[in-house]
Amino acid sequence: MKIKHLFLAAFLLMALQACVVMSPKKHKAMLAQIDSLTNRTSTLEEELARLRADSSRIHKELADLQSNYNTVNGNLKATSSKVNQLSADLQKREARLKEVEDILRKRDEATNALRDKLQKALLGFQASGLTVDIRNGKVYVSLTDKLLFPSGSIVIDDKGKQALQQLAVVLNKETDINISVEGHTDDKKVISLGQIKDNWDLSVLRATSVSRYLTEVEKIDPQRITATGKSQYQPIDLAGTNEARARNRRIEIVLSPKLDELYNLITK
């Protein structure tokens, strides 16, 4: 509006000064020129207002874009930090997994080597009902009751002592092996034999007899040995025949490598 007022004031002054000497024709031309300038001024003012509005809109859009950029950039940084953290955690877990796998591989190698040594040492007793096998990462030496005890007895006979002596030769060299002696019976009821009241007593007392022989006679460290009785409740043959019952009456000596290294790794 200021531009329009200035143009009008200038032309009005010119018109007043020239009116006494200006012909009607010139006066008319002057008025037409004033109208033209007035219209152009209005157009310029409208364009100026439009440009100002566009400038304000563009400034707002730019501010919105900058805000969006800051938000996206912040999210990107947070995501990148999270990815880096997860990557570091994954590397640690993979390293830990490799350690556990290495320890378990060493355990399996030691278990297989122990089985092979025992099979060679006890080869002469396998025909009498002795077996050596691996289950769940442990070596099981299974001795039928007829190899160790007279019927219904907890006293180890001479042949049983010979088998345990050969077993002890290997175990005294393998000091990193834990030993569990398990007594097992069949499902026939025991006729009361003094201190032996039932299959629980028979299984426990036979396991302790073997444990006592290994520690007192063969000088295996008692801290390595655990004796347990399973009674009739963990049979290996469910057929119910005399042969099946004979297989179920047994002493199982369970040998497991010490896993202190693995335990320490797991509890870190």
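Mentor: Contact means heavy atoms within 4.5 Å. The model is predicted, so local features need pLDDT of at least 70, side-chain atom pairs count only at pLDDT 80 or more, and totals for chains, interfaces and linings use all residues. Residues are numbered from 1 along each chain as its sequence is written, while side-chain values use heavy atoms without hydrogens or water.

Trainee: Which elements do the buried residues of α4 pack against?

Mentor: Helices (DSSP H or I, at least four residues) and strands (E, at least two) are numbered from the N terminus. The buried residues of α4 (under 20% relative accessible area) are G160, A163, L164, L167, A168, V170 and L171. They pack against α2, β2, α3, β3, α5 and β5.

Trainee: What angle does the direction of α4 make with that of β5?

Mentor: The open sheet runs in the order β1-β2-β5-β3-β4 with mixed pairing, where strands pair if DSSP finds at least two bridges between them. On this sheet α4 packs by touching β2, β3 and β5. With axes fitted to C-alpha atoms (for helices over the stretch in contact) and angles running from 0 to 180 degrees between N-to-C directions, the direction of α4 makes with that of β5 an angle of about 5 degrees.

Conventions. Buried < 20%, exposed > 50% of the residue type's maximum accessible area, 1.4 Å probe, protein only.
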